[in-house]
Amino acid sequence: MKHLLSLVAFEISALLTLALVIYWIEQYAGGMKWEYKNRSKFNYHPLLMIIAFVIVMGHAVITFRILPLAHRTKKYIHGTLNLVAAIVATVGLVAVIQFHNEFNIPNFYSLHSWLGLVTLSMLYLQVLAGFGIFQDLFEGAGREVRAAYKPWHVVAGICMVTFAACTMTTGVQEKYGFTNPEKFSAHAYAFNFLGLSIFLWVATVIWILIAVEKREPEDENYREIDSDQATNNSGDQGGDKEEQH
């Protein structure tokens with residue numbers, strides 16, 4: 001029940017954030033058009049970044065805690081989602097750079113943009129390091145390397161979620177300043193509620209990572225497969241029998 005309630009809370013916070021940014025784009029920002037010197041091109045940036053980090057990466061981060069699947073299956077879901085997040089976020093970055101260049105606006109001058117570069121760089125590194133170290137499609141890193149890197153990978157994931165929330169909220173505040181909506185208007189409240197939904201999302205994710213125990217497969221056969229695989233790998237590589245990533 002705890003896992004189900006945690007998943008429901010996550011989905012509500014994530015979908016609420018997505019719904020609010022779509023509402024703001026359609027209601028107040030003129031929709032989206034990927035055309036040369038069309039100001040609506042910018043709107044792809046917040047939408048794609050929220051899809052990348054809140055929806056896709058958010059699901060990747062909670063995979064090991066929530067899904068009742070074999071460890072190896074969860075590992076591939078986790079890695080695939082992070083890769084998709086990196087691709088979507090890259091398109092979002094291209095959108096805002098093109099928009100800035102077409103209207104002669106400087107790039108990477110604000111705190112929001114600096115935080116965004118840090119967050120995106122962490123995502124790229126997580127994807128590359130995760131694939132290079134934890135994959136088992138062909139011979140990769142040894143068990144000792146995996147065990148040594150795993151705590152860093154986990155901590156980096158938590159930091160990435162936090163940095164993503166900081167980046168998105170500073171972006172919301174920055175756009176609020178540029179737009180300058182009338183105070184206490186529905187437009188202004190749209191910005192505020194979007195920011196609050198991002199904080200609700202990150203709080204839900206961190207709570208899941210800290211307070212919710214890892215979910216094991218309900219089918220005992222899957223547990224035995226995971227256990228046998230860990231034992232075989234431990235014997236082949238001469239390491240201690242520890243949990244694989």
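Buried residues have under 20% relative accessible area, exposed residues have over 50%, and partly exposed residues lie in between. In this predicted model, Cys159 has a relative accessible area of 29%, so it counts as partly exposed.

**Cysteines**
- When the whole structure is searched for disulfides, the count is zero.

**Nonpolar cores**
- The largest nonpolar core comprises 48 residues, and those with the most contacts inside it are Phe53, Met57, Leu123, Trp201 and Val205.
- At least two residues of this core come from each of the helices α1, α2 (44-66), α3 (71-102), α4 (111-134), α5 (143-179) and α6 (186-211), with α2 giving the most, namely 13 residues.
- Once its neighbours within four places in sequence are left aside, Val205 is in contact with Phe10, Val61, Ile62 and Val161.

**Surface patch**
- A nonpolar patch on the surface is formed by Met1, Leu4, Leu5, Val8 and Ile12, which together have about 540 Å² of accessible area.
- Leu4, one of the patch residues, is found in helix α1, which covers residues 2-28.
- The relative accessible area of Leu4 is 48%, and Leu4 is therefore partly exposed rather than exposed, a class that requires over 50%.

Key. Residues are numbered from 1 along each chain as its sequence is written. This is a predicted model: local features need pLDDT of at least 70, side-chain atom pairs count only at pLDDT 80 or more; totals for chains, interfaces and linings use all residues. Side-chain values use heavy atoms; hydrogens and water are left out. A disulfide is a pair of cysteine sulfur atoms within 2.5 Å. Buried means under 20% relative accessible area, exposed over 50%, partly exposed in between (1.4 Å probe, protein chains only). Patches are made of residues with over 30% relative accessible area and no salt bridge: like charges are joined within 9 Å, nonpolar side chains (Val, Leu, Ile, Met, Phe, Trp, Tyr) within 5 Å. Accessible areas come from the Shrake-Rupley method with a 1.4 Å probe; for residues, only the protein chains shown count as cover. A salt bridge is a side-chain nitrogen of Lys or Arg within 4 Å of a carboxyl oxygen of Asp or Glu. Helices (H or I, at least four residues) and strands (E, at least two) are DSSP runs, numbered from the N terminus. A nonpolar core is a set of buried Ala, Val, Leu, Ile, Met, Phe, Trp, Tyr and Cys residues joined through side-chain atoms within 4.5 Å. Contact means heavy atoms within 4.5 Å.
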